[in-house]
Amino acid sequence: MTNEMEYAKCIAVLRKLFRMGMISEAEYTTARNRLMDRFLIVGENNSKIA
């Protein structure tokens with residue numbers, strides 16, 4: 001499985017947990033940021049972008 005597919009699956013599961021109310025918004029944000037770091041994804045709201 002490619003990194004892009006693995007990242008997409010992880011985000012999909014994370015969003016489903018958030019929508020179901022099983023995790024809070026703070027937990028969602030923390031987990032999403034960790035996934036982005038793990039898969040080397042550059043976010044839109046990242047102030048470190050040059």
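Visitor: In which part of the chain is Leu40 found?
Guide: Welcome! This is a predicted model, in which local features need pLDDT of at least 70, side-chain atom pairs count only at pLDDT 80 or more, and totals for chains, interfaces and linings use all residues. Residues are numbered from 1 along each chain as its sequence is written, and side-chain values use heavy atoms, with hydrogens and water left out. Helices (DSSP runs of H or I, at least four residues) and strands (runs of E, at least two) are numbered from the N terminus, and by that numbering Leu40 is found in the segment after α2.

Visitor: What share of the residues counts as buried?
Guide: A residue is called buried under 20% relative accessible area, exposed over 50%, and partly exposed in between, using a 1.4 Å probe and protein chains only. Applied to the 50 residues of the chain, the buried share is 18%.

Visitor: What span does α1 reach from its first C-alpha to its last?
Guide: The expected span of a helix is 1.5 Å times one less than its number of residues. α1 has 17 residues, with an expected span of 24 Å. The span in the model is close to that, at 24 Å.

Visitor: Which residues of α1 are buried, and what arc do they cover?
Guide: The buried residues of α1 are Tyr7, Ile11 and Leu14. The arc is taken from the directions from the helix axis to the C-beta atoms. These three residues sit on the same side of α1, because around the axis they cover an arc of only 65°.

Visitor: Which residues are exposed on the other side of α1, and which element do its buried residues pack against?
Guide: The exposed residues on the other side of α1 are Val13 and Arg19. The buried residues of α1, in turn, pack against α2.

Visitor: Which residues is Ile11 in contact with, beyond its neighbours within four places in sequence?
Guide: Ile11 is found in helix α1 and is buried, with a relative accessible area of 7%. The C-alpha atoms of Ile11 and Arg32 are separated by 7.1 Å, although the two are 21 residues apart along the chain. Contact means heavy atoms within 4.5 Å, and with neighbours within four places left aside, the contacts of Ile11 are Arg32 and Leu35.

Visitor: Why do the buried residues of α2 line one face of the helix?
Guide: The residues in question are Tyr28, Leu35 and Met36. What covers them includes α1. They line one face of α2 because, seen down the axis, they fall within an arc of 100°.

Visitor: Which exposed residues does the opposite face of α2 carry?
Guide: This is the face turned away from the buried side of α2. The exposed residues there are Ala26, Arg34, Asp37 and Arg38.

Visitor: Which two residues meet in a salt bridge?
Guide: Side chains of opposite charge can pair when their charged atoms come close. A salt bridge is a side-chain nitrogen of Lys or Arg within 4 Å of a carboxyl oxygen of Asp or Glu, and the count here is one. Its N to O distance is 3.2 Å, and the side chains that meet are those of Glu6 and Arg38.

Visitor: How many residues apart are Glu6 and Arg38, and how exposed is each?
Guide: The pair links distant parts of the chain, Glu6 in α1 (residues 3–19) and Arg38 in α2 (residues 25–38), 32 residues apart. Glu6 is partly exposed, with a relative accessible area of 26%. Arg38 is exposed, and its relative accessible area is 54%.

Visitor: Which residue forms an aromatic pair with Tyr7?
Guide: Rings of Phe, Tyr and Trp (its six-membered ring) pair if their centres lie within 6.5 Å; planes under 30 degrees apart count as stacked, over 60 as edge-to-face and the rest as tilted. A search of the whole structure finds two aromatic pairs. One of them is edge-to-face, 5.8 Å centre to centre with 65° between the planes, and joins Tyr7 to Phe39.

Visitor: What phi does Leu40 have?
Guide: Leu40 is exposed, with a relative accessible area of 75%. Leu40 is not a glycine, yet its phi is positive, at about 55°.
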